[in-house]
Amino acid sequence: MPSLVPLFLTIHILTAIAAFGPVFVFPIIARMAAVEPQHGLFALRLTDTIEKRLTIPLALTIPVSGGLLVWSEGISLSNAHWLLTAIVLYVVAISFAILIQVRTVDRMIELATQLAAGRPAMAAGPGAALATAATLRVAGEPDPAAEMKSLGARAARGGIFLTILVVLIVSLMAGKPAI
Ligand code: HEM
């Protein structure tokens, strides 16, 4: 059904922009939170909310518009290796985002909230929490400051990994290389 291609392509591209565009702002939010640690908890919650309410739900609809494009353009999947590669990368990206990245950020929020509840002065957020968490440390329990630091590093690495996957997927979609 070639006449429907422009409609499905518009939906497909718009969804990808709305889902993944905000993700490119996450490093800016993280850097601002590092400079203004009193807003660190808000920054974490903002990132988490964008991921859960916008990026992941919209990303989950992309295979539907993609599938409609495959159908309306009469693409044979066995010949379209660029598309099969992109679909594999998409499955890796969405699984990683849901199973690992969201959980990492959730744990950071949990930790920062606990630290803030433990010390009113730490209601300032994870940055301030990092500075004073050592004072809350109970013998035998994991050091919250160290855990927060390693979670932050893991979230940053995960963000870079996901961004690379999105760039690769879009490059495959746009370039349709004969691989
Ligand atoms: C997971 C299943 C997916 C399927 C089956 C699929 C399918 C397709 C197909 C068949 C086209 C070619 C349309 C055309 O140019 O005539 C296309 C284009 C496109 N796709 Fe996907 N797609 C999928 C996922 C994604 C994802 C995850 C993204 C973004 C990260 C994406 C972004 C794009 C973009 C930007 C185009 C337009 C390329 C252009 O016209 O130059 N797609 N998709």
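Reader: Among contacts in the protein chain between residues at least 6 apart in sequence, what percentage join residues at least 24 apart?
Author: The figure is 72%. Please keep in mind that this is a predicted model.

Reader: How many helices and how many strands does the protein chain have?
Author: There are six helices and zero strands. Along the sequence the pattern reads α-α-α-α-α-α.

Reader: And what share of the residues is buried?
Author: Of the 179 residues in the protein chain, 24% are buried.

Reader: Let us turn to the ligand. Which residues come nearest?
Author: The ligand has 22 residues around it, and Ala 16, Gly 66, Leu 69, Met 173 and Ala 174 come nearest.

Reader: Which helices each supply at least two residues of that shell?
Author: They are α1 (5-20), α3 (40-73), α4 (81-118) and α6 (144-175). With seven residues, α3 gives the most to the shell.

Reader: What is the make-up of the shell by class?
Author: It has 18 nonpolar residues, three polar ones and one charged residue.

Reader: Staying with α3, what span should it have, and what does the model show?
Author: α3 has 34 residues, so at 1.5 Å a residue it should span 50 Å; its end C-alpha atoms are 47 Å apart, which agrees.

Reader: Where is the kink in α3 centred?
Author: The kink is centred on Glu 51 and amounts to about 40 degrees. Glu 51 is also one of the buried residues of α3, which include Leu 44, Thr 47, Thr 55 and Gly 66.

Reader: What follows α3?
Author: Gly 74 follows α3, with a positive phi near 65 degrees.

Reader: How does α6 compare with its expected length?
Author: α6 has 32 residues and reaches 46 Å from its first C-alpha to its last, close to the 46 Å expected at 1.5 Å a residue. Just after α6, Lys 176 takes a positive phi of about 40 degrees.

Reader: Which residues of α6 are buried?
Author: Among them are Pro 144, Met 148, Leu 151, Gly 159, Ile 169 and Leu 172.

Reader: Now the nonpolar cores. Which members of the largest one touch the most other members?
Author: That core has 13 residues, of which Leu 44, Met 108, Leu 111, Ala 112 and Met 148 touch the most other members. The elements that give two or more residues to this core are α3, α4 and α6. Its largest share, five residues, comes from α4.

Reader: Returning to Leu 111, what does it touch beyond four places away in sequence?
Author: Leu 111 touches Pro 144, Glu 147 and Met 148.

Reader: One last topic, Ile 29. Where does it sit?
Author: Ile 29 is in helix α2, which covers residues 26-35.

Reader: Why does Ile 29 count as partly exposed?
Author: Ile 29 has 17 C-beta neighbours inside 10 Å, and a residue would need 20 or more to be buried and 12 or fewer to be exposed.

Reader: With which residues is Ile 29 in contact, leaving aside neighbours within four places in sequence?
Author: Its contacts are Ala 43, Leu 46 and Thr 47. The C-alpha atoms of Ile 29 and Thr 47 are separated by 7.9 Å, although these residues are 18 residues apart along the chain.

Conventions: Residues are numbered from 1 along each chain as its sequence is written. This is a predicted model: local features need pLDDT of at least 70, side-chain atom pairs count only at pLDDT 80 or more; totals for chains, interfaces and linings use all residues. A residue is near a molecule or strand if its C-beta atom, placed from the backbone, lies within 6 Å of it. Helices (H or I, at least four residues) and strands (E, at least two) are DSSP runs, numbered from the N terminus. Ala, Val, Leu, Ile, Met, Phe, Trp, Tyr, Cys and Pro count as nonpolar, Asp, Glu, Lys and Arg as charged, and the others, Gly among them, as polar. Two residues are in contact if their C-beta atoms, placed from the backbone, lie within 7 Å. A nonpolar core is a set of buried Ala, Val, Leu, Ile, Met, Phe, Trp, Tyr and Cys residues joined through C-beta atoms within 7 Å. The expected span of a helix is 1.5 Å times one less than its number of residues. The bend at a residue is the angle between axes fitted to the seven residues ending there and the seven starting there.
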